[in-house]
Amino acid sequence: MDEGTLMDATTEPQQGGAAWLRVAIACGVLPLLAGILSLIVFLQSDPSSGGVEGWMDLGVTILMVGLALFSAGLVTLGVYVVKAGRSGVPKRDLAQNAILTLILLMANFPAALACIWVAGDALNRVHISFVNESDVSVEELTISWPGGSQDIKELGPRGRAELSFHVSGDGPVRFTARQADEACEGDLAGYVTTNMASTMEVVFSGGCEVTVTER
């Protein structure tokens, strides 16, 4: 056997071991990226505008594929450990690679739980945008809903404010305010309940005239 043949024979196992390690790393990275990117896109969308079932199906798909890739990652990581050990990779490097890759694979579980919690929180919130299109400030603005209330105090001319909250019971979302020394009050939503997402825009156009648009 000449020198070139000997070199090929000794480097091939090392290359094979590295390839298995790369596959194991990919098995950890791909579902992690898919879950995070999907969550970002979901949060940029309007949960109350429909299509929730599609997002839920996507989430379940990512979870199932993630579990399959986790199993595949464990298998390929085991193959890497065997091949790398036989090819003479230093034990310290082998152990470091194996431990870091295993941590990456395991990180998918807390990441999945975090994504589920954040998505669930977004699905169960009411979002309201307040816009004052008049030249008169809206003062003493208070929003109340089943389980809580929030004071916005004052919404200046051409001003905008955002409010997001959870509902802990059944009932309306109401507001009280003053505009040009006139008392204003009314319902922004006639009925809301727990685990119900809603997004609306409330426009003050002067003289306590309010327009509510659900998105």
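Which side chain meets that of Asp187 in a salt bridge? The partner is Arg174, and the N to O distance between the two side chains is 2.4 Å, where a salt bridge is taken to be a side-chain nitrogen of Lys or Arg within 4 Å of a carboxyl oxygen of Asp or Glu. Asp187 lies in strand 6 (residues 182-192) and Arg174 in strand 5 (residues 171-179), so the pair ties together parts that are 13 residues apart in sequence. Helices (H or I, at least four residues) and strands (E, at least two) are DSSP runs, numbered from the N terminus.

The model is a predicted one, in which local features need pLDDT of at least 70 and side-chain atom pairs count only at pLDDT 80 or more, while totals for chains, interfaces and linings use all residues. Residues are numbered from 1 along each chain as its sequence is written, and side-chain values use heavy atoms, with hydrogens and water left out.

Asp187 counts as partly exposed at 42% relative accessibility, and Arg174 counts as partly exposed at 31%; here buried means under 20% relative accessible area, exposed over 50%, and partly exposed in between, with a 1.4 Å probe and protein chains only. The structure holds 6 salt bridges. Another of them joins Arg158 to Asp135, with the closest N and O atoms 3.0 Å apart. This pair links distant parts of the chain, 23 residues apart, since Arg158 sits in the loop between strand 3 (148-155) and strand 4, and Asp135 in the loop between strand 1 and strand 2 (138-145). Both Arg158 and Asp135 are exposed. Glu162 and Arg160 also meet through their side chains in a salt bridge, at 3.7 Å from N to O, and both of these residues are exposed. Arg160, Glu162 and Glu201 are linked in a network of salt bridges.

An open sheet of 4 strands has the order 4-1-7-8, with mixed pairing, two strands being paired if DSSP finds at least two bridges between them. Strand 4 (160-166) and strand 8 (210-214) stand at the edges, each with a single partner strand, so one side of each is left without a neighbour in the sheet. From one strand to the next, the twist averages 20°.

Strand 1 (residues 125-132) runs parallel to strand 7, and 7 bridges join them; in this pairing, His127 stands opposite Thr199 in strand 7. Strand 7 (residues 198-204) pairs with strand 8 in the antiparallel sense over 5 bridges, with Met200 opposite Glu214 and Phe204 opposite Val210. The hairpin of strand 7 and strand 8 has 5 residues between the strands, and there Gly206 takes a positive phi near 105°. Strand 7 is mostly covered, with 6 of its 7 residues buried.

Elsewhere, the surface carries a nonpolar patch formed by Val60, Met64, Leu67, Leu74, Leu102, Met106 and Phe109, with about 620 Å² of accessible area together. Patches are made of residues with over 30% relative accessible area and no salt bridge, like charges being joined within 9 Å and nonpolar side chains (Val, Leu, Ile, Met, Phe, Trp, Tyr) within 5 Å; accessible areas come from the Shrake-Rupley method with a 1.4 Å probe, and for residues only the protein chains shown count as cover. Helix 2 (52-86) and helix 3 (91-106) are the elements that give two or more residues to the nonpolar patch, and helix 2 supplies the largest share, 4 residues. Val60 lies in helix 2 and is partly exposed, with a relative accessible area of 48%.

Methods:
Axes fitted to C-alpha atoms, helices over the stretch in contact; angles between N-to-C directions.
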